[in-house]
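Please look through the sequence and the structure below before reading on. The paragraphs that follow begin with a single residue and then turn to the way the chains meet.

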There are 2 protein chains.
Amino acid sequence: VHAPADRIVVCSGFAQGLALVCAAVGAGRFATEAFGHASHRAILAEGREVSALTVDDEGACVDELARERAVLLTPAHQFPLGAPLAAHRRVAVAEWARERGGVVVEDDYDGEFRYDRQPLGALQALAPERVVYAGTASKSLAPALRLGWIVVPEHLLEPVLAARTRTDGPGAIDQLALADFIASSAYDRQVRRMRLVYRRRRDALVRALGRDRVRGIDAGLQLVVDVPDEGEAVANAGARGVAVEGLAAYRLGAQAHAPALVVGYGTPPEHAFTTAVARLRAALS
Amino acid sequence: VHAPADRIVVCSGFAQGLALVCAAVGAGRFATEAFGHASHRAILAEGREVSALTVDDEGACVDELARERAVLLTPAHQFPLGAPLAAHRRVAVAEWARERGGVVVEDDYDGEFRYDRQPLGALQALAPERVVYAGTASKSLAPALRLGWIVVPEHLLEPVLAARTRTDGPGAIDQLALADFIASSAYDRQVRRMRLVYRRRRDALVRALGRDRVRGIDAGLQLVVDVPDEGEAVANAGARGVAVEGLAAYRLGAQAHAPALVVGYGTPPEHAFTTAVARLRAALS
């Protein structure tokens with residue numbers, strides 16, 4: 001990530017960061033991925049139209065971008081389907097942004113947590129003047145902190161800062177504590193520790209569910225598992241006390257998809273994880 | 001304050017609280033006081049017209065309200081002029097809100113800090129279904145916390161919470177720490193302690209500047225002092241290292257005013273306060 005200190009804006013998590021960028025970019029159609037968080041789509045949809053890009057094994061189909069003013073992407077690990085955005089699409093979306101004056105929001109919600117592959121590098125590095133990079137401490141530390149950061153291209157910095165003044169942000173005490181945590185290397189140690197924890201969880205989950213049924217497993221804190229019937233699988237899991245959602249709950253566009261569950265494995269406390277995996281396995285077999 | 005727990009929304013300070021109310025109320029003209037914070041007026045002015053109510057010795061002239069959708073007031077201690085909103089005006093603005101379906105935002109920025117008078121009670125108690133009460137920990141604890149709260153009438157609760165979801169808020173850890181601080185009575189002790197500190201500061205400042213030159217002194221963390229020329233007085237104080245602003249810096253409407261300085265006395269560290277008062281006195285004499 002290309003991040004001079006004066007371009008980093010700390011915010012109360014990704015939702016505020018996205019809202020700041022929306023306020024700074026102003027009117028015009030936004031695009032997002034056909035699968036993702038409905039709450040993020042709702043932020044984009046405040047007073048504007050939103051289009052949905054098809055998602056396939058190479059991530060979002062960025063060739064569908066046309067007259068959009070901006071696009072929200074999860075290039076490292078498409079949420080929730082799990083593919084990284086392919087190299088040729090990274091180049092293509094950077095070109096689109098430069099030619100059309102578009103803005104790309106790179107939601108790097110789990111960039112620290114890859115397991116079986118080399119780091120991909122941020123899309124932002126390809127076009128630092130067109131891409132807003134968004135990072136978060138929600139997965140590495142805790143969502144309860146409400147601490148995230150956006151790295152903002154120069155032409156958006158003034159309107160982003162003006163919007164932040166109007167809407168407040170996280171307290172200076174939390175920000176200083178995080179800065180100290182990072183400067184002391186304790187943050188890096190924490191990320192490495194959590195990467196091991198999450199990797200072990202992923203391995204246990206893949207073993208339990210079967211390698212051939214799961215997708216999106218080489219990074220992140222969630223995977224997708226194929227099921228014959230989403231509603232039935234969600235109900236079976238729920239009856240055993242395991243909360244999962246069908247892929248349909250993350251569908252933001254019209255793209256059809258095979259029935260599947262999205263299984264997040266970051267949340268359960270350590271002592272409950274093994275039981276939760278066993279129960280999910282029983283529910284799906 | 002009439003504040004059932006399920007109507008209290010914790011937010012990152014007053015600016016976020018006001019932005020949430022603006023999002024919930026939607027379009028339509030807002031009113032504010034002719035003197036106040038330009039940053040608050042800027043929040044109101046996002047996509048709508050703003051009118052300014054004349055301020056006199058009884059606070060804001062609420063009889064000027066007509067077709068406004070909402071009004072922002074500082075009833076306990078008009079900021080920065082210092083008058084409490086008179087009882088007959090409190091009744092009148094509550095009636096206006098009920099008859100017209102208007103919304104009143106009561107910015108109780110310094111309600112805990114009154115010195116020579118009985119507590120006035122919140123305007124919100126007169127019309128809990130029309131008034132949003134806004135409190136803050138910025139003066140009692142520290143602005144660096146970015147913690148405030150709004151008490152929201154039932155009809156605005158859902159849109160306020162929806163707006164808060166879209167824009168994030170303070171971290172749960174800070175909120176839980178504050179809740180614990182309040183439940184243990186430590187917050188009340190802190191407020192009483194700070195009230196004494198601020199009262200002593202006010203007394204020292206009034207003695208130094210002369211009782212007949214100052215206004216708005218029976219509450220709050222700022223007072224107004226008459227000067228022959230605002231620009232000159234600000235420059236003289238600045239030359240002695242004392243940062244004060246002219247009343248003109250807080251003028252949001254067209255209302256004329258006699259030249260005066262607004263002197264905040266909450267901010268200087270304890271060890272610097274006596275020197276700051278002596279320097280201000282020298283600058284103004």
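In which helix of chain A is A:Arg89 found? In this predicted model, A:Arg89 belongs to helix H3 of chain A, which covers residues 87–100. Its relative accessibility is 10%, and because buried means under 20%, A:Arg89 counts as buried. Once the neighbours within four places in sequence are left aside, the residues in contact with A:Arg89 are A:Asp56, A:Glu58, A:Gly59, A:Ala60, A:Cys61 and A:Val62.

From this residue we can turn to the contact of chain B with chain A, to which each chain brings 22 residues. The size of an interface is often given as the accessible area lost when the parts come together. Here chain B and chain A bury about 1600 Å² between them, and 55% of that area lies on carbon and sulfur atoms. Of the area that chain B buries against chain A, 34% is supplied by B:Ala144, B:Arg166 and B:Asp168, which is more than any other three residues supply.

One of these residues, B:Asp168, also forms a salt bridge with A:Arg146, in which the closest N and O atoms are 2.6 Å apart. Between chain B and chain A the count of salt bridges is four, and across the interface there are 10 residue pairs in polar contact, with both residues at pLDDT 80 or more. On the side of chain B that touches chain A, at least two residues each come from helix H1 (14–25), helix H2 (38–44), helix H4 (154–167) and helix H5 (172–183) of chain B. Helix H1 of chain B gives the most to this side, with four residues. Sorted by class, the side of chain B that touches chain A holds 10 nonpolar, seven polar and five charged residues.

Chain B is superposed on chain A by a rotation of 180° with 0.0 Å of shift along its axis, the RMSD being 0.0 Å. The two copies are thus related as by a two-fold rotation axis. Within chain B, the C-alpha nearest the axis belongs to B:Pro170, at 3.0 Å from it. Since 100% of the interface residues of chain B are also interface residues in chain A, the copies meet through the same surface.

Conventions
Residues numbered from 1 in each chain as written. Chains lettered and ligands numbered in written order. Predicted model: local features only at pLDDT ≥ 70, side-chain atom pairs only at ≥ 80, totals over all residues. Heavy atoms only, no water. Contact = heavy atoms within 4.5 Å. Buried area = accessible area lost by both parts, 1.4 Å probe. Salt bridge = Lys/Arg side-chain N within 4 Å of Asp/Glu carboxyl O. Polar contact = N/O pair within 3.5 Å; in protein donor to acceptor, adjacent residues only side chain to side chain. Nonpolar A, V, L, I, M, F, W, Y, C, P; charged D, E, K, R; others polar. Least-squares fit on C-alpha atoms with pLDDT ≥ 70 in both. Buried < 20%, exposed > 50% of the residue type's maximum accessible area, 1.4 Å probe, protein only.
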